[in-house]
Amino acid sequence: MRERQWITARRSELDALAEELAKQLQEVQAERDELAIAERVLNRLAEQARARRRGAATVTAAVDVRDTRQCAQAVDQALDRFGTVDVPVNNAGIASPSGKIAHDITEQEWSLMLDIDLSGAWRMMKAVAPVMVQRKFGSIINVSSTAGTVGYRRFASYVAAKHGLIGLTKAAALDYAPMRVRVNALCPGSVRDDPVLEGRMLAEITRSLEVPVADHERIFVRDQPMNALIEPSDIANAALWLATDESRQVTGSALTVDGGFTSR
């Protein structure tokens, strides 16, 4: 009997220890999350400082594009600061949860992907387009993907959202063409992750596919016709072209910057 009591007591101690360890792990994770948020804030402040040194004015806002009210508030904040918005770039998006065949995707995962990657762009357009229509000027750039033009195994929700974004772009381009507001989609290929720009798209995709993150660049380069990843500056230059009068007759287009990937 004493032996059983001793065993029971030991189990209770182990349970208490497990609970304490779990609590400490949660605290550590919370601290990591706080550090990650602080790092993002510092990065934004650094970006603002660099922009100011180049003579540009900036304003930032943290926005959940699933929330129509927050999207509208962000546009209002920009209008208060600058008086107008000429070139909105809808770049908010996620690539995971992915890595599953279509029927294994949960309802929640499907809805989350479309709500951010497709509906998020529509909410921002809904908030900003009236301003642009009133002025009869501007260029809306929706950042889609090569996944908006071809299919990828085990990424059905992402592919559906990005295809939908190109469809939204084409329809909106026709809606706004009479008002001289252009709408185009930019379709990047495999863009190198840049920590300065908080880029981690390829790393997240490899995690979804259960591929070692350390090997992700080599794996993606292997499928590139030009044997190189796309650089963030390549996408920025394409967006700049779509933003300026150099592309004044371009609307409803899906511009790929993929090193020939979708031409195979």
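Here is a tour of a predicted model, stop by stop.

**Stop 1: the whole chain.** Keep everything selected for now. The protein chain has 8 helices and 4 strands, and from the N terminus on they run α-α-β-α-α-β-α-β-α-α-α-β. Of the 264 residues in the protein chain, 32% are buried.

Stop 2: Now select the strands. The 4 of them form an open sheet with parallel pairing, in the order β1-β2-β3-β4. At the edges you'll find β1 and β4 (254-257), each with a single partner strand, so one side of each has no neighbour in the sheet.

**Stop 3: strand β2.** Select residues 139-143. Is this strand enclosed by the rest of the structure, or left open? It is largely enclosed, because 5 of its 5 residues are buried. Show the side chains and look at which way they go: S139, I141 and V143 point one way, while I140 and N142 point the other way.

**Stop 4: the partners of β2.** Across from each other, look for V89 with its bridge partner I141, and for N90 opposite N142. How many bridges join β2 and β3? There are 5, again in the parallel sense. To find your place there, look for S139, which stands opposite R182.

**Stop 5: helices across the sheet.** Select residues 156-176, helix α5. Together, β2, α5 and β3 make a right-handed β-α-β unit. The helix α5 lies across β2, β3 and β4, running at about 160° to β3. Next, pick residues 232-243, helix α8. Which strands does α8 lie across? Those are β2, β3 and β4, and α8 runs at about 165° to β3.

Stop 6: Y152 sits in the loop between β2 and α5 and F261 in the segment after β4, so the pair ties together parts that are 109 residues apart in sequence. As for cover, Y152 is partly exposed at 31% relative accessibility, and F261 is buried at 14%.

**Stop 7: backbone details.** Start with S96 and P97, which are joined by a cis peptide bond with omega of about 10°. P97 is in the loop between β1 and α3 (107-117).

Move on to K136, in the loop between α4 (119-135) and β2. Its phi is near 55°, a positive value in a residue other than glycine. K136 is partly exposed, with a relative accessible area of 48%.

Finish at R154, back in the loop between β2 and α5. The phi of R154 is near 65°, also a positive value in a residue other than glycine. With a relative accessible area of 38%, R154 is partly exposed.

Definitions and conventions. Residues are numbered from 1 along each chain as its sequence is written. This is a predicted model: local features need pLDDT of at least 70, side-chain atom pairs count only at pLDDT 80 or more; totals for chains, interfaces and linings use all residues. Side-chain values use heavy atoms; hydrogens and water are left out. Buried means under 20% relative accessible area, exposed over 50%, partly exposed in between (1.4 Å probe, protein chains only). Helices (H or I, at least four residues) and strands (E, at least two) are DSSP runs, numbered from the N terminus. Two strands pair if DSSP finds at least two bridges between them. A crossover is right-handed if, with the strands pointing away from the viewer, the path from the first strand over the helix to the second runs clockwise. Contact means heavy atoms within 4.5 Å. Axes are lines fitted to C-alpha atoms, for helices over the stretch in contact, and angles run from 0 to 180 degrees between N-to-C directions.
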